[in-house]
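I am opening my notebook on a structure that is new to me. Come along as I look things up one at a time.

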Number of protein chains: 2
Amino acid sequence: MASSGKYLFDIDKYREFPRWYHEILKKADIVDIRYPVKGMIVWRPYGFKALRNIQKIMIRLLEETGHEEAYFPTLIPESVFSLEEDFLKGFGGETFVVSGTGSKKFQEKLYVRPTSETAMYYMWRLWVKGRKDLPIKMYQIVNVFRYETKATHPILRVREIASFIEAHTAHATMEEAEKQIREALDIYKRFYDELLIPYFIVLTPPWDTFAGAEYNYDFITPMPDGKALELGSVINLGQKFSKAFEIVFMDEDGSVKHVYQTCYGISERSLGSVISVHGDNKGLFFPPKIAPIQVVIVPIMRVGETHILDYARKVRDYLRERGVRVYLDDDPEHTPGWKYYYWDMKGVPTRIEIGRREYEGKTATIARRDRREKKTVSLEKLVEELHSVWKDIEKVLYERALEHFKKLVIVTEDPEEAVGRKGLIVTPWDETEECANELESITGKSVLGTIVESPIELPVSGRSVCGGKKTSKWALLGVTY
Amino acid sequence: MASSGKYLFDIDKYREFPRWYHEILKKADIVDIRYPVKGMIVWRPYGFKALRNIQKIMIRLLEETGHEEAYFPTLIPESVFSLEEDFLKGFGGETFVVSGTGSKKFQEKLYVRPTSETAMYYMWRLWVKGRKDLPIKMYQIVNVFRYETKATHPILRVREIASFIEAHTAHATMEEAEKQIREALDIYKRFYDELLIPYFIVLTPPWDTFAGAEYNYDFITPMPDGKALELGSVINLGQKFSKAFEIVFMDEDGSVKHVYQTCYGISERSLGSVISVHGDNKGLFFPPKIAPIQVVIVPIMRVGETHILDYARKVRDYLRERGVRVYLDDDPEHTPGWKYYYWDMKGVPTRIEIGRREYEGKTATIARRDRREKKTVSLEKLVEELHSVWKDIEKVLYERALEHFKKLVIVTEDPEEAVGRKGLIVTPWDETEECANELESITGKSVLGTIVESPIELPVSGRSVCGGKKTSKWALLGVTY
């Protein structure tokens with residue numbers, strides 16, 4: 001029954017990634033890109049469920065570490081938006097502006113948040129008085145808007161980010177802010193570890209640092225086409241905003257000090273990475289923690305064998321009561337074989353087959369999305385077995401992702417030899433702008449930063465093509481989305 | 001210890017409601033109204049937690065009835081926004097408009113959604129082909145924007161609605177749409193029943209019907225100042241939008257038909273009603289289901305009695321593991337008595353006192369927000385006892401709310417006698433615009449609709465002041481927020 005038909009989806013992900021990506025977003029009901037504003041897309045229920053599951057992971061990590069959720073307005077008066085000069089320069093041009101209503105022009109323009117520093121910090125000035133008001137650790141889950149001038153890509157580069165999880169903190173000292181940066185890095189590491197996505201962490205070069213920041217880190221992973229996807233930023237703002245917004249507190253010694261601030265954000269790109277990294281030529285492959293449907297039940301029966309369907313319903317209810325996200329596909333118009341391919345394409349990590357044998361034995365047969373292997377277990381052992389299978393699938397997904405990660409990263413002392421090859425380049429450098437220019441002109445790719453953490457082992461040091469000195473600093477180069 | 005000090009909050013809610021409302025929003029850390037755009041407010045974490053808990057109730061009700069969550073863009077091209085004429089007339093003037101970015105003017109203006117009919121239905125045209133694509137039952141939780149010309153009030157009437165839960169449906173026949181209207185009414189009834197808010201349901205008069213609708217129902221409750229709060233709308237759109245947006249399907253008989261549509265939405269006003277209806281002169285009073293903190297633990301100990309604090313922590317962890325939202329107030333700078341008042345003001349429905357006696361007996365003493373009554377129970381019985389106390393508090397809150405509801409509603413055949421009195425007016429009418437004008441000129445209040453459901457018993461019929469005929473139709477009149 002299984003493998004005679006044609007796959008419902010069959011595109012080589014590594015050879016034809018752009019086509020693979022667009023087709024799977026459509027076929028698997030993730031998003032619809034036909035909305036009539038460029039760069040703005042519609043999230044269909046199946047895709048949005050996956051996004052909600054990803055949000056839940058981040059919410060848990062933020063709440064566990066003492067971040068509290070708040071909500072600040074979307075629209076920011078021009079006078080407030082302009083308070084921090086670098087920020088205005090960096091974001092002003094690409095920010096949507098409300099100048100009135102359908103029937104009225106406003107005296108002051110309102111900026112539609114591209115990120116919420118200015119809205120938040122205007123209020124923090126009013127909230128912070130003494131040391132007891134610090135630290136502030138706050139987050140919000142909001143839509144933000146950026147009029148991207150680069151080519152837009154569904155989920156990966158959009159003009160309305162539907163799910164921006166932005167965290168902001170304020171501290172009494174730089175040391176505390178730096179400690180917070182480490183906590184934030186740790187949160188994002190745990191987050192992408194749960195998503196089974198291998199990543200580089202880089203320290204962004206000064207000329208590419210977030211507008212209004214002292215320095216920032218980026219999480220970056222290669223996509224199947226060899227381009228770089230920025231997965232999230234962790235930013236030390238120092239006192240730049242607190243000086244612009246006059247966020248001060250009276251310290252215990254009576255002196256008035258500006259607070260030190262950090263911020264960090266991730267978006268639906270995290271789901272974009274899950275789709276792109278874990279998917280294969282048959283379609284999506286959701287890690288069990290994220291999957292909108294963790295198990296699909298496919299009944300295998302002849303006409304009239306309603307007792308098998310009844311039993312399948314019983315199994316469904318049994319799993320649902322135990323917190324499993326389960327769906328029973330009892331559509332009589334499709335064969336079991338068709339359903340196998342369909343739900344493989346939709347990325348469901350495990351399938352349960354229920355036929356006469358399972359009915360008679362009060363068992364269920366588990367099939368995995370990652371390999372041709374089935375196991376029949378009793379109903380009592382089913383939940384335990386599913387969790388054990390999921391754990392193993394997680395391991396397989398991460399290993400597979402890491403294997404491809406390695407193939408998409410070229411580690412070399414000689415960037416010349418990477419020219420024309422697909423992937424990110426890792427090469428020694430001296431962190432100067434001159435060296436960046438040299439590397440970029442050799443490779444045609446951008447320096448994204450100095451690698452501070454890598455899932456693959458890098459040599460302790462190497463000889464940089466810039467000046468030929470030995471260095472332990474490795475630059476990451478790539479073409480970004 | 002208990003009642004010697006002054007209340008931290010003490011404002012007569014019924015005599016001075018506007019002051020009570022503004023003060024409690026501030027003191028209890030619900031919202032901050034100092035954001036520099038009129039009608040846009042900041043949600044502080046404590047208030048936002050309550051809002052999230054309310055959202056969860058609605059999400060559960062919508063999911064249970066087969067609604068799926070999606071997400072549609074915030075910005076709507078003018079050409080799409082203008083497709084349904086009545087809608088454009090009704091919403092165009094009060095809709096925020098994006099005409100460009102900080103550095104660029106757009107060719108076509110983008111409207112910032114005041115509600116999402118136009119964004120959604122543009123896509124539904126692409127999604128609906130045959131009867132098998134129907135019904136659609138979809139919802140989203142989004143921010144929407146309305147440039148209100150009426151006086152704004154924090155949470156109750158704002159220019160950015162932070163938590164609009166809008167559901168939209170499409171059906172093959174008018175009968176199915178009408179069935180959906182009944183389901184929606186039922187969902188909202190269950191929702192406000194869980195919030196312990198008594199409400200009228202009215203059928204809105206034709207001249208006040210939602211722009212682009214056939215007819216709509218409103219949920220309405222009186223506020224402590226006697227004004228009317230509209231809690232949510234359930235709207236039958238008929239085929240108006242499907243004709244404007246050409247949402248058609250091929251029926252089984254081969255004919256092409258326009259779908260029938262409904263929509264219904266609620267906002268953070270639901271939390272505004274909870275705050276206003278259940279609060280009292282001591283401050284907030286959150287129903288246990290909604291309370292950000294369901295139980296506050298106050299240790300009562302002398303300096304050095306750290307074993308009591310340790311035991312309090314143990315009780316906290318014990319409750320937290322069992323799903324109770326609990327907070328241990330171990331601040332050494334305040335007395336237990338001060339804490340009692342503080343947490344009463346914040347609306348925490350139950351308190352646990354842990355002193356020497358509780359430590360020695362391995363017990364906990366539960367105190368209730370609604371009455372001076374304490375009960376000491378063993379740790380093993382604590383969760384069960386809390387749930388039983390909460391159930392009783394829910395009963396008390398609803399009864400109290402209903403009692404005040406009755407005081408704020410004047411049922412009379414002679415609207416003359418209600419003039420100058422605080423509250424909503426219920427009076428017989430013949431549903432004509434002439435009669436509405438007459439009633440409005442007598443009372444100075446607006447006709448909000450014909451009551452179709454009431455938590456208080458109304459006479460079967462009455463004699464209307466318009467023409468003096470007997471009728472079983474009762475008009476609801478009030479001044480709205």
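Here are my entries, grouped by topic.

**Ground rules**

I am working with a predicted model, in which local features need pLDDT of at least 70, side-chain atom pairs count only at pLDDT 80 or more, and totals for chains, interfaces and linings use all residues.

**Aromatic rings**

I began with ring pairs. A pair of aromatic rings is described by the distance of the centres and the angle of the planes. For my search, rings of Phe, Tyr and Trp (its six-membered ring) pair if their centres lie within 6.5 Å; planes under 30 degrees apart count as stacked, over 60 as edge-to-face and the rest as tilted. By this rule I get 66 aromatic pairs over all chains.

I picked out Y199(A) and F219(A), a tilted pair with 5.2 Å from centre to centre and 50° between the planes. This pair links distant parts of the chain, 20 residues apart: Y199(A) is in the loop between α6 (174-194) and β9 (200-203) of chain A, and F219(A) is in strand β10 (residues 215-222) of chain A. My helices (H or I, at least four residues) and strands (E, at least two) are DSSP runs, numbered from the N terminus.

Are Y199(A) and F219(A) buried or exposed? I found Y199(A) buried, and F219(A) as well. Here buried means under 20% relative accessible area, exposed over 50%, and partly exposed in between (1.4 Å probe, protein chains only).

In chain B I looked up Y199(B) and F219(B): their ring centres are 5.2 Å apart and their planes are at 50°, so I note this pair as tilted. Y199(B) is buried, with a relative accessible area of 8%, and F219(B) counts as buried at 0% relative accessibility.

I also noted a cluster in which ring pairs link F81(A), F87(A), F91(A), Y111(A), Y121(A), W124(A), F210(A), F241(A) and F245(A).

**Charges over rings**

My rule is that a charge sits over a ring if NZ of Lys or CZ of Arg is within 6 Å of the ring centre and within 35 degrees of the ring normal. In chain B, K346(B) has its charged end over the ring of Y46(B), 4.1 Å from the centre.

**Two helices packing**

How do helix α2 (residues 45-64) of chain B and α6(B) pack? I read an angle of about 150°, with their axes 10 Å apart. The axes are lines fitted to C-alpha atoms, for helices over the stretch in contact, and angles run from 0 to 180 degrees between N-to-C directions. The two helices, α2(B) and α6(B), are therefore roughly antiparallel (under 35 degrees is roughly parallel, over 145 roughly antiparallel, 65 to 115 roughly perpendicular, and the rest oblique).

Among the residues that meet there are I54(B), I57(B) and M58(B) in α2(B), and I187(B), Y188(B) and F191(B) in α6(B).

I stayed in α2 of chain B for G47(B), which is buried at a relative accessible area of 0%. Leaving aside neighbours within four places in sequence, G47(B) is in contact with D29(B), I30(B) and L271(B), where contact means heavy atoms within 4.5 Å.

**An enclosed helix**

Nine of the 10 residues of helix α10 (residues 336-345) of chain A are buried, so α10(A) is largely enclosed by the rest of the structure. Its buried residues include Y340(A), Y341(A), Y342(A) and W343(A). I traced what the buried residues pack against: among the elements are α1 (17-27), β16 (295-299) and β19 (350-354) of chain A. Just after α10(A), G347(A) takes a positive phi of about 85°.

**Two more residues**

E358(A) is in helix α11 (residues 356-361) of chain A and counts as buried at 6% relative accessibility. Not counting residues up to four places away in sequence, E358(A) touches Y311(A), E353(A), T363(A), A364(A), T365(A) and T376(A).

My last stop was P222(B), in strand β10 of chain B and buried, with a relative accessible area of 4%. P222(B) has contacts that include K227(B), F405(B) and L424(B), neighbours within four places in sequence left aside. From P222(B) to R313(B) I counted 91 residues in sequence and 42 Å in space, C-alpha to C-alpha.

Conventions. Residues numbered from 1 in each chain as written. Chains lettered and ligands numbered in written order. Heavy atoms only, no water.
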